[in-house]
Every structure is written in structure tokens, then in C-alpha cells.
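Please look over the fold shown here and follow the report alongside it.

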Amino acid sequence: SIISSSISGVSYPVLSKLNDDQPKQVKYLQKMIRICAFGIFPVLIGAMACFENIITIILTEKWLPIVPYFQILSIAGLVMPFQNLYNGLFTLKGKPQWTFVIECIKNACILIPLFFIKDTHTLLWSFSAATLFAYFISLFFVKKIIGYSPLLQLRDILPYLFLSLVMATVVILMDQLSISLLLKLPIQIIGGAATYIAGCYMCGSAIVKEMVNQAKAALLRLK
């Protein structure tokens with residue numbers, strides 16, 4: 001929620017300034033979506049992969065039953081920042097009612113199962129599914145308002161999703177190491193981060209290349 005609010009707070013003023021230049025507005029929105037995907041996907045998916053170890057170290061093993069809850073809710077967390085970006089765009093374009101409609105559909109999908117399901121896991125899955133459904137509806141509203149198609153939107157984020165899943169696989173494999181948990185968790189985090197950054201760089205991610213160029217420039221200034 002904090003991350004989503006921060007991203008929306010940064011992007012809204014710029015989107016507002018570009019309101020009369022739709023091509024530049026679309027280009028900026030694409031950039032923000034890629035940045036969101038680049039930062040949020042590896043953090044949440046990586047946390048899902050090693051959350052059991054995190055909980056064991058911080059809260060002890062008696063708290064392990066909360067691990068599945070976090071993992072299920074993290075699926076919804078993957079798309080919430082994009083949804084907030086889109087909601088700001090709808091307001092900017094004079095269509096706040098679209099946000100209202102999408103939220104009504106989402107809430108209906110969450111509330112209706114409450115009358116039939118009492119299992120906590122199933123209800124959490126219902127919440128995540130409803131959040132994903134609302135996100136996919138938003139993709140089509142975005143196309144209608146600025147011409148940014150759902151396929152293009154998905155194409156902008158799927159590479160980061162794929163690389164995050166590869167990273168999570170590496171993290172899970174590292175969990176098989178027969179070493180102290182206090183040593184294993186840092187190795188998982190460093191190994192996962194290195195795998196993700198290297199994958200992004202090899203795939204030609206403009207975000208990573210810009211980070212590398214800025215780091216090089218900073219080093220040159222220090223010399």
C-alpha cells in the first residue's frame with residue numbers, strides 16, 4: 001500500500017502535465033509500469049519463495065502457519081500498484097466513475113463468496129482472484145481512454161514476471177543448502193537479487209542499463 005501510494009504520488013503530477021500530449025503520456029505511463037514491475041515483482045515473488053525462513057528467523061517457527069496467507073495475498077499485491085496508477089489516470093481523464101465501477105465489481109467478487117465459504121484460505125484466494133480480475137478489466141479501460149492496449153501493457157510487464165519466477169526458482173533451490181538458517185537466508189537474498197539483475201541486464205532492460213550508466217557516472221565523479 002505504501003509503495004503503491006508513493007508511485008501514484010510521483011506519477012500523477014507528471015501524467016497531469018502531459019494530459020494534452022497523449023503520445024508522451026502513454027510513453028510515460030509505460031515507463032512507470034515497467035518500473036513498477038521491475039521493483040515489485042522480484043520483491044514480492046522473492047519474499048514468497050523464502051518467507052518461511054524469514055518468519056522462522058524473525059518470529060520463530062510457531063508463526064509459520066501465517067506463511068500461506070502472505071503468499072496468497074502477495075498475488076494480489078503484484079497488481080495493486082498498476083491498479084492505483086490506472087485509477088489516477090481515470091481521474092485525470094475525467095472518468096472517476098470507471099474506478100467506482102471496477103471497485104464495485106471487485107468488492108462484489110470478494111463479498112459474494114463470504115455467504116458460501118468459511119475457509120480462510122479459500123477466502124484469501126477469492127480476494128486475490130477478485131483483485132486480478134479487476135486489474136484485467138482496467139487494462140481494457142486504459143485502452144479505451146489512451147489507446148494503450150492490454151497486449152502491450154502485458155508485454156511491458158511479463159518479462160519482469162518471468163525473470164522474477166526464475167529468481168524464485170534459484171532461491172528455492174538454495175533452500176536445499178545444508179547450512180545455518182542465519183547464513184542461508186542472506187545467501188538466498190543475494191543470490192536471488194544477482195540472478196534477477198543479471199537476467200534483466202542480459203535481456204536488455206532499459207531500467208538496469210540506466211542504473212549501470214548512472215553508477216558508472218557516479219564512480220567517475222568520485223575519481
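This is a predicted model: local features need pLDDT of at least 70, side-chain atom pairs count only at pLDDT 80 or more; totals for chains, interfaces and linings use all residues.

Helix 2 itself covers residues 22–59. The helix is not straight: at cysteine 50 it bends by about 65°.

The overall architecture is quickly told. The protein has nine helices and zero strands. Read from the N terminus, the order of elements is α-α-α-α-α-α-α-α-α. The C-alpha trace spans about 65 × 55 × 25 Å along its principal axes.

Next comes a helix pair. Two packed helices are described by the angle between their axes and the distance between the axes. Helix 4 (residues 80–92) packs against helix 5 (residues 96–111) at an angle of about 140°, and their axes lie 6 Å apart. Angles over 145 degrees would count as roughly antiparallel; helix 4 and helix 5 are therefore oblique to each other. The residues that make the contact are listed here.

| Helix | Residues in the contact |
|---|---|
| Helix 4 | Gln83, Asn87, Phe90, Thr91 |
| Helix 5 | Pro96, Trp98, Thr99, Ile102, Glu103 |

By class, the residues of this contact are four nonpolar, four polar and one charged.

The largest pocket has a volume of about 300 Å³. It is lined by 19 residues, of which Ile45, Ile75, Leu78, Leu161 and Leu165 are the closest to its centre. Which helices supply at least two residues each of the lining? They are helix 2 (22–59), helix 3 (67–77), helix 6 (120–146) and helix 7 (150–174). Helix 7 gives the most, with seven residues.

What classes make up the lining of the largest pocket? There are 18 nonpolar residues and one polar residue, with no charged residues. The contact of helix 4 with helix 5, by comparison, includes one charged residue.

How values were computed
Residues are numbered from 1 along each chain as its sequence is written. Side-chain values use heavy atoms; hydrogens and water are left out. On a 1 Å grid over the protein atoms alone, a cavity is a set of points where a 1.4 Å probe fits but cannot get out, and a pocket is an open set with protein on both sides within 12 Å along at least five of seven lines; lining residues have an atom within 4 Å of a point. Grid points are joined across faces, edges and corners, and a volume is the space filled by probe spheres set on the points. Helices (H or I, at least four residues) and strands (E, at least two) are DSSP runs, numbered from the N terminus. Ala, Val, Leu, Ile, Met, Phe, Trp, Tyr, Cys and Pro count as nonpolar, Asp, Glu, Lys and Arg as charged, and the others, Gly among them, as polar. Axes are lines fitted to C-alpha atoms, for helices over the stretch in contact, and angles run from 0 to 180 degrees between N-to-C directions. Angles under 35 degrees count as roughly parallel, over 145 as roughly antiparallel, 65 to 115 as roughly perpendicular and the rest as oblique. Contact means heavy atoms within 4.5 Å. The bend at a residue is the angle between axes fitted to the seven residues ending there and the seven starting there.
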